[in-house]
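Subject: Structure for your review

Dear colleague,

Please find below the sequence and structure that I am handing over to you. My findings follow directly after them.

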Amino acid sequence: MSGLQAATRDWLAGPGLARLWAAVRKRLEGNGVQATGSLRLTAVNSRERADLSLLLGKPLTGTAVTVRLDALDARLCASAVGLGLRDVVEALGPPLTDRRAARAGATAQREHVWASLTASLDASPLAGQEWARRWSDGLRRAGVPRGVTPDTAVLTLRQAVRILTTLLDPERADTRGRGELAALATGSAHSLDDGTWLARLVQRGIALAHDADVPGDAAGRRALWRLVSVSPDEVSSTVLTYGLRPVGDGWRERALRERADQHAETHLTPRDLLDLRLQLPAGTVVHVCENPRVVQAAADAACTRPLVCTSGSAATVVRTLLDALAAADCRFAYHGDFDWPGITLANRIIRRYEALPWRMAAADYERLVALRRADGVPHLPLDGTPVEADWDPGLAPAMSALGIALHEEATLDLLVEDLA
């Protein structure tokens, strides 16, 4: 299969010639797979010197050897090997890669991608607009994301130009959902979902066309879509609340007060928060928890204090609500899990909203651990990298020393007592 007799191949593949073939492979792959030029081996040992002498047909005495590739090619063809240098190297290892040709091909593909973008822009109503030129230049500098093939890049860039042409048409008066726009432009309702390359391309174009910054959060991206009359998804994500009693005569405010009077929890969507007037009495303390079980327990106990749940991660809709409450001069008290992710989230909430820690001190943690041990409750090991608690420098050492994680359910009775 290799074109070499077994004995010949075994000798050529021996340790005495291994460095030679490695150097030859590197040189061939870098110069267009041509047997030209020369290479130099240094620190040649006695075994290598003996095998190189036989291979090259001349005695070698020093510790450095210079090998001309054209001479080696001719020597191999004329010998019992009967194959040229390229064939021998490939017989001893994987096929050679013409790296020069590969680089040239990759360069040609990149130029094709950007030439295609230029052609698409020139053929569109966006041609000649200053923001479109800056958009195109910025995309070229950023390059195509890793893993995106040239053909996919060309298609995606063309789709972006078509979508921007539609969205920035001065005669356009309709409003569309983002999924509907994506389906019409690409056939997939998810092609403009947050995080896709196409969505980032279009969002950057919208921002440049409106002389705005590219937003870094979901709320900012939704606002950007609204600039071009695209309705983002404002109903699938929710924030869990309880006991909010905003003033005002709107039906949303009345509905929240009615649900609070009935001790019922409420899930608010981003659409609700757009139109809801969240004005609570000045200085109202809103308690914030991490786990929905706290909300359920508060409702079951007919508690009266307002409560917002982060549901573990404080998604954008949660922060939007808390931002609105903070703007209405509300204050906050926060409780979360006694584990490292819980401390990380607590730090974020406490820093952003200057919230008071709510039963989150080292003494609270130690007391809960002691109670659970006394009751014989199996403990949950505390895993992960310790996180310093901004509000209590003694909490992380106490948690590390005891090595027990406590979720909010361990504090449930005390939290409900506070909320009542």
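In what follows, a salt bridge is a side-chain nitrogen of Lys or Arg within 4 Å of a carboxyl oxygen of Asp or Glu. Please note that this is a predicted model.

Salt bridges

The whole structure contains 16 salt bridges. One of them joins Arg-221 to Asp-194, with 3.3 Å between the closest N and O atoms. Because Arg-221 belongs to helix α11 and Asp-194 to the loop between α9 and α10 (197-209), this pair ties together parts that are 27 residues apart in sequence. Asp-194 is partly exposed, at a relative accessible area of 38%.

A salt bridge also forms between Asp-390 and Arg-351, whose closest N and O atoms are 2.4 Å apart. Here, too, distant parts of the chain are linked: Asp-390 sits in the loop between β11 (380-381) and α18 (395-402), and Arg-351 in helix α16 (residues 340-353), 39 residues apart. Asp-390 is partly exposed, with a relative accessible area of 42%, while Arg-351 counts as exposed at 54%.

Asp-364 and Arg-367 form a salt bridge with an N to O distance of 2.9 Å. Both lie in helix α17 (residues 362-374), and because they are three residues apart, about one helical turn separates them. Asp-364 counts as buried at 15% relative accessibility, and Arg-367 as partly exposed at 46%.

A buried charge without a partner

Glu-253, in helix α12 (residues 251-261), is buried yet has no salt bridge. The nearest side chain of opposite charge is that of Arg-257, 6.2 Å away. The side chain of Glu-253 does, however, reach the backbone nitrogen of Arg-277 at 2.7 Å. Beyond its neighbours within four places in sequence, Glu-253 is in contact with Pro-246, Val-247, Gly-248, Asp-275, Leu-276 and Arg-277.

Pocket and cavity

The largest pocket holds about 290 Å³ of space. It is lined by 16 residues, and those closest to its centre are Arg-178, Asp-194, Pro-232, Asp-233 and Ser-236. Helix α11 gives the largest share of this lining, three residues.

The search for cavities of 30 Å³ or more found one in the whole structure. The lining of the largest cavity consists of Gly-16, Leu-17, Arg-19, Leu-20, Leu-41, Val-44, Glu-48 and Leu-52, with α2 (18-30) and α3 (46-56) each giving two or more residues.

Yours sincerely

Technical notes:
Residues are numbered from 1 along each chain as its sequence is written. This is a predicted model: local features need pLDDT of at least 70, side-chain atom pairs count only at pLDDT 80 or more; totals for chains, interfaces and linings use all residues. Side-chain values use heavy atoms; hydrogens and water are left out. Helices (H or I, at least four residues) and strands (E, at least two) are DSSP runs, numbered from the N terminus. Buried means under 20% relative accessible area, exposed over 50%, partly exposed in between (1.4 Å probe, protein chains only). Lys and Arg count as positive and Asp and Glu as negative; His and the chain ends are not counted. A polar contact is a pair of N or O atoms within 3.5 Å; within protein, one must be able to donate a hydrogen and the other to accept it, and residues adjacent in sequence count only if both atoms are side-chain atoms. Contact means heavy atoms within 4.5 Å. On a 1 Å grid over the protein atoms alone, a cavity is a set of points where a 1.4 Å probe fits but cannot get out, and a pocket is an open set with protein on both sides within 12 Å along at least five of seven lines; lining residues have an atom within 4 Å of a point. Grid points are joined across faces, edges and corners, and a volume is the space filled by probe spheres set on the points.
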